[in-house]
Amino acid sequence: MKFIRIIVFVFTVLVLSLPLHSLAAEEVNVDTIKEKYWAKGEQAEMGVVQNRLYSKARKFEVGFYGGIISSDPFLTVKNAGASVGFHFSEYLGLNFIAWKSYSSPSTALQTFEETIGATTNNNKPQGFYGAEGAASILYGKLSLVGRKIIYYDFHLLGGVGQTQTESGNYITPFAGLGQQTYLSSFFSLRIDYRLMRYEETIIEKVITPKLGKPVGNRINWSNSITVGITLLWGPGK
Amino acid sequence: MSKKILFLISLVLFSRAPFVDAISAAEAINSTGSNHCLFSERWSFGKNIATEWQDEYRSFLRGTLSPARAFSEALAMRRFTKNVESRLFAEYWISRALYQAGLVHVAFSGFNTIAEGAVTEETQLIRVAAIGCINQIAEKYPAFSLSAKIYIKLKSHLETKLDAAAEKTILIFTARYFKQQLSNGAPDSDLKQLLTSLERHKDMKNVSKSLFLAKNGFHKEVVQLLEPYLKKPASQDLVSNLVQRDQLRLILARSYFVIGEYQKAADQLKLIRKSSNELAKALSELAWQYLMDEKYQDAIGTAMSLQAGGMRRTFTPEALMVMAMSLNEICQFPDSLKAIASFKSNYEKTYKWLQSWDSTRKNGETVDLYRSAIDFLKKKSEIPEHVATEWLRSPVFLASQGELNLIASEGRSSAVLGKQGAREQKLLAQQIRLTAKELKPEIRLARAKMKPGEALPVQIKSQLNALKKMLVHYNRLKSGAPIWRVVLANSEKQALVREFRLIAQVKKDFTNRNSKMLKQLEEVAENNQLIEIEIFNGATHDIIWQNAHPDYKQVAQQFETDQVASPEKSWDWGKTRALAEESGEIWEDELGSFKANIFDNCSSKDRYLALKRNVSI
């Protein structure tokens, strides 16, 4: 009797387990194919652009650029640097940037020195490095004087870094915007504008007894414009 | 739990049930709710529902009462209350708690039982609330089968005076039930009967009727009903929640096509949204409309849209055939042949796969089409894209997979909910123990200070009441736990049966689709052969004719450059690009109806001859 019960039990278990193996229902997201089923639920093709010609998603980007920084009216500052970043999607990316600044007296300072016969205090920026997030919110085609179609990407920037100056290093938050024009799937021209803020200490350079001593702090708002080329590569399309 | 706490529990239990129905039926005003089973659900309770239950239900709606607690409270309400309305509301609450817990199938059965019951003045609005919840579930999961027993009861609802919201709920259920019956192939007599129930809502009735008429081939009547409805601006009305406007446009366009109104058909097809799953079919049909209307350039341009970007993955073999026909009509014979060749190369893999599937099926072997579709979505399958995308767009697959996903999520919820209930019971017990411990010295102290005949201070009394309430809730939770566990276990058991039914449904649908695709490909291939024969005949004449007129090519090219730019949208795809593999970037506004910039070679010949005649004169 016990043996029969065991057989019945084993049989029941087998019968009940049969549908489990033959069914094999799986969970898949069908919300993405309720519209544009031809995109097969692929996020890159769900938007208004399918098969993006110039794709950034899941790609690394290395850039080389130079530019100008408008900071102290008595200084002319030029910079040259590089960046390396990764695009998590077509819309979001993270960059690490660094540049070296080349400062010289501006024509305003030269005129001042020639006219007054004296000079002023300043704090020459020497370089900058930092990290920034980029949000690419616009992508489109533009007509170049009606002759050619160029592909355009507009992004917003925001980040934080450190500005190196003669008097020390200062934490610098910044925000900006920029645009990229694609030359090919790998190369693009990039122009960025960043508004940067840091609080700097001014060191005395004019009055002899106080030379080299701090004479006060001031907020520095720098406007940086950089132009360069970028190289995109990676596992993305 | 300590003996003292158990004593307190028994004290509370043996005392009169705290939430008794003290109100006689004569005083009762019935409870009514709105936005059933939504976050915004609100109730205005009648006197039959005791205030305490009202408060508990409101805290459940606010989310301060967990589904497990709400379930146990509702069970207690069901046990303690005597009047019909309260008992039915308790049943509604039980189902509502299960729905909130994510156990949609069990909740659906509960709502069905409520909605199928006899309609009386006391129960009507709660039954309507249950129907409202069924509507919500059916909207999210269209594969849920609606009960005929509820439909039978709807008459009784409509015979009474209902407010606008309740009437809307009833009508939505009727329309949904009608749609389900129509796709299940219910007899015409039943469907006609259902349509009479929709008389109260003109648009809903007209749209439902048009679906019925379209199925039976009454196209003039479909036009009469759908044309005025689709002329109205799109809004979130009752009808658009039931049938998408894109689907209605497609139906209307087909009816226009049958009655020969090609331009009107094309106009409707052009209005279909670019993101709609109906777009591929719409473009294919639009190409046909243009061909029938002898607008060959438009037919070619539209067919070209289906060769661009992701649209190439859709199963639309007729588009290339229409392109070949149109090119043949304007004497562009080499391009017409290229379109046929393009069809052969694009659909060869699809055709071979379908043929092999068909022979496997005829040999009695089975291919797990559901698994293949899932593998395709997970990029693990080699199924041709044309076939797989045709499966994916299937409303049966979308609805069934939605429900399969729900079953999986219910399985996960069951495991979590069981633990949650036990944890909540434990926490409540701890809380009771702590409160009793704190209260004991306070009572002792108060009693010591009390003079004979004096009552306990108000503060202590209220603390005791709170403790009593906690004990009541604890007890309810404890007695509800076994039932809660049984419900969860049953839900898991039923899941297998449901999965089996849904997968079988999907497999059947895929099999039908495969057979249709195979048949369609064979038909298109046959038609293409006929076009090829016609082209070779025409081309032979063309070669002879062109040899007889050696300067024709030069003159025809001049005609082409003389063409005035068309004000319509014109897609200059060129001869080679039309047939090449299009892998470039495609923008949503680039899909749709375009006019191909290709000249009519036949009319060029007429113009050439006219020119020659003028010169000789």
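Predicted model: local features only at pLDDT ≥ 70, side-chain atom pairs only at ≥ 80, totals over all residues.
The secondary structure of chain A consists of three helices and nine strands. Read from the N terminus, these elements follow the order α-α-β-β-β-β-α-β-β-β-β-β, and 27% of the 237 residues of the chain count as buried. Among the contacts in chain A that link residues at least 6 apart in sequence, 59% are between residues at least 24 apart.

In chain A, eight strands close into a barrel, in the order 2-3-4-5-6-7-8-9, with antiparallel pairing. On average, and with direction ignored, neighbouring strands of this sheet are turned by 25° against each other.

Strand 3 (residues 75–87) of chain A is antiparallel to strand 4 (residues 92–105) of chain A, and 13 bridges are found between them; A:Thr76 is placed opposite A:Ser104 in strand 4 of chain A, and a hairpin of four residues connects strand 3 of chain A to strand 4 of chain A. Strand 4 of chain A also pairs with strand 5 of chain A, in the antiparallel sense and over nine bridges, with A:Leu94 opposite A:Gly133 in strand 5 of chain A. Between strand 5 (residues 125–144) of chain A and strand 6 (residues 148–165) of chain A, which run antiparallel, there are 18 bridges, and here A:Ala135 faces A:Leu156 in strand 6 of chain A as its opposite residue.

Chain B has 25 helices and five strands, and 40% of its 617 residues count as buried. Of the contacts in chain B with a separation of 6 or more, 70% are accounted for by residues 24 or more positions apart.

Several helices of chain B may be considered individually. Helix 6 (residues 124–140) of chain B comprises 17 residues and spans 25 Å from its first C-alpha to its last, which is close to the 24 Å expected at 1.5 Å a residue; this helix is mostly covered, with 14 of its 17 residues buried. Helix 7 (residues 148–159) of chain B packs against helix 8 (residues 164–183) of chain B at an angle of about 145°, the two axes being 11 Å apart, and the crossing of helix 7 and helix 8 of chain B is left-handed. In this contact, B:Ile150, B:Tyr151, B:Leu154, B:His157 and B:Leu158 of helix 7 of chain B meet B:Ile170, B:Phe173, B:Thr174 and B:Tyr177 of helix 8 of chain B. By class, the residues of the contact between helix 7 and helix 8 of chain B comprise seven nonpolar, two polar and no charged residues.

Where the two chains meet, 31 residues of chain B are in contact with 25 residues of chain A. On the side of chain B that touches chain A, at least two residues each are supplied by helix 19 (369–377), helix 20 (385–392), helix 21 (395–449), helix 22 (458–548) and strand 4 (586–587) of chain B, and helix 21 of chain B gives the most, with six residues. This side of chain B is made up of 13 nonpolar, twelve polar and six charged residues.

The two chains are also linked by strand pairing, in that strand 1 (residues 49–50) of chain A runs antiparallel to strand 4 of chain B and is joined to that strand by two bridges. In this pairing, A:Val49 is located opposite B:Trp587 in strand 4 of chain B. Helix 20 of chain B, one of the elements that supply residues to the side touching chain A, is largely enclosed by the rest of the structure, because seven of its eight residues are buried. The buried residues of helix 20 of chain B are B:His386, B:Val387, B:Ala388, B:Thr389, B:Glu390, B:Trp391 and B:Leu392.

Notes: Residues numbered from 1 in each chain as written. Chains lettered and ligands numbered in written order. Buried ≥ 20, exposed ≤ 12 C-beta atoms within 10 Å, placed from the backbone. Contact = placed C-beta atoms within 7 Å. Nonpolar A, V, L, I, M, F, W, Y, C, P; charged D, E, K, R; others polar. Pairing = 2+ DSSP bridges. Expected span 1.5 Å × (residues − 1). Axes fitted to C-alpha atoms, helices over the stretch in contact; angles between N-to-C directions. Left-handed = near helix turned anticlockwise from the far one by under 90°.
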